[in-house]
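I hope they are handy to have beside the viewer.

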Amino acid sequence: DGKVVTCNETIDVIDEQKYLVIFNLFDGDISKNYKIFKLRLQVSENNNTRGASVNWTVEYEKINDGVEAPYGYMEYLDKSTKEIDAYLLKA
């Protein structure tokens, strides 16, 4: 949304065999709207190509029904993933 958002984070899971990382975001601005906010990043190798797919899952619990779903965060993850992909393709 173009606003700076602050929070703390921990890494709850790193599974190198499944190419999986789960981040837990808490405190700061994130806690104003969400009781739980976790990001799950999993990379899957494409068997028929030299590439891979990235799957982001956003798990959240709103503090009340008046809070909107975290669409801005999802757009940020989408944009960041595309920028990383473009950078890696140049390498």
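1. **Terms and ground rules.** Two residues are in contact when heavy atoms lie within 4.5 Å. Helices (H or I, at least four residues) and strands (E, at least two) are DSSP runs, numbered from the N terminus. Please keep in mind that this is a predicted model: local features need pLDDT of at least 70, side-chain atom pairs count only at pLDDT 80 or more, and totals for chains, interfaces and linings use all residues. Residues are numbered from 1 along each chain as its sequence is written, and side-chain values use heavy atoms, with hydrogens and water left out.

2. **Overall layout.** The protein chain holds one helix and four strands, and along the sequence they follow the pattern β-β-β-β-α. The C-alpha trace spans about 45 × 30 × 20 Å along its principal axes. Of the contacts between residues at least 6 apart in sequence, 31% join residues at least 24 apart.

3. **Burial and surface.** Of the 91 residues in the protein chain, 21% count as buried. The chain exposes about 7,300 Å², and carbon and sulfur atoms supply 49% of that area. Accessible areas come from the Shrake-Rupley method with a 1.4 Å probe; for residues, only the protein chains shown count as cover.

4. Helix H1 covers residues 71–90, which is 20 residues. From first C-alpha to last, H1 reaches 29 Å, close to the 28 Å expected at 1.5 Å a residue; the expected span is 1.5 Å times one less than the number of residues. Which residues of H1 are buried? They are Gly 72, Leu 77 and Ser 80. These residues cover an arc of only 135 degrees around the axis, so they sit on the same side of H1; the arc is taken from the directions from the helix axis to the C-beta atoms. The buried residues of H1 pack against strand S3 (34–45) and strand S4 (52–62).

5. **The other face of the helix.** Turned away from the buried side of H1 is a face that carries the exposed residues Glu 75, Lys 79, Lys 82 and Leu 89. One of these, Lys 82, has 52% relative accessibility and forms a salt bridge with Asp 78, the closest N and O atoms being 3.2 Å apart. For this note, a salt bridge is a side-chain nitrogen of Lys or Arg within 4 Å of a carboxyl oxygen of Asp or Glu. Asp 78 and Lys 82 are four residues apart in helix H1, so about one helical turn separates them. Asp 78 is partly exposed, at 40% relative accessibility.

6. **Other salt bridges.** How many salt bridges does the rule give? The count comes to four. Among them is the pair Glu 61 and Lys 35, whose side chains meet at 3.6 Å, N to O. Glu 61 lies in strand S4 and Lys 35 in strand S3, so this pair ties together parts that are 26 residues apart in sequence. Glu 61 is partly exposed at 34%, and Lys 35 is exposed at 56%.

7. **A nonpolar patch.** Ile 84, Tyr 87 and Leu 88 make a nonpolar surface patch of about 370 Å². Patches are made of residues with over 30% relative accessible area and no salt bridge; like charges are joined within 9 Å, and nonpolar side chains (Val, Leu, Ile, Met, Phe, Trp, Tyr) within 5 Å. Leu 88 lies in helix H1 and counts as exposed, at 54% relative accessibility.

8. **Two backbone angles to look at.** Tyr 19 has a phi near 55 degrees, a positive value in a residue other than glycine. Tyr 19 is in the loop between strand S1 (8–15) and strand S2 (20–26) and is partly exposed, at 44%. Asp 27 also has a positive phi, near 60 degrees. The place of Asp 27 is the loop between S2 and S3, and its relative accessible area of 38% makes it partly exposed.

Technical notes
Buried means under 20% relative accessible area, exposed over 50%, partly exposed in between (1.4 Å probe, protein chains only).
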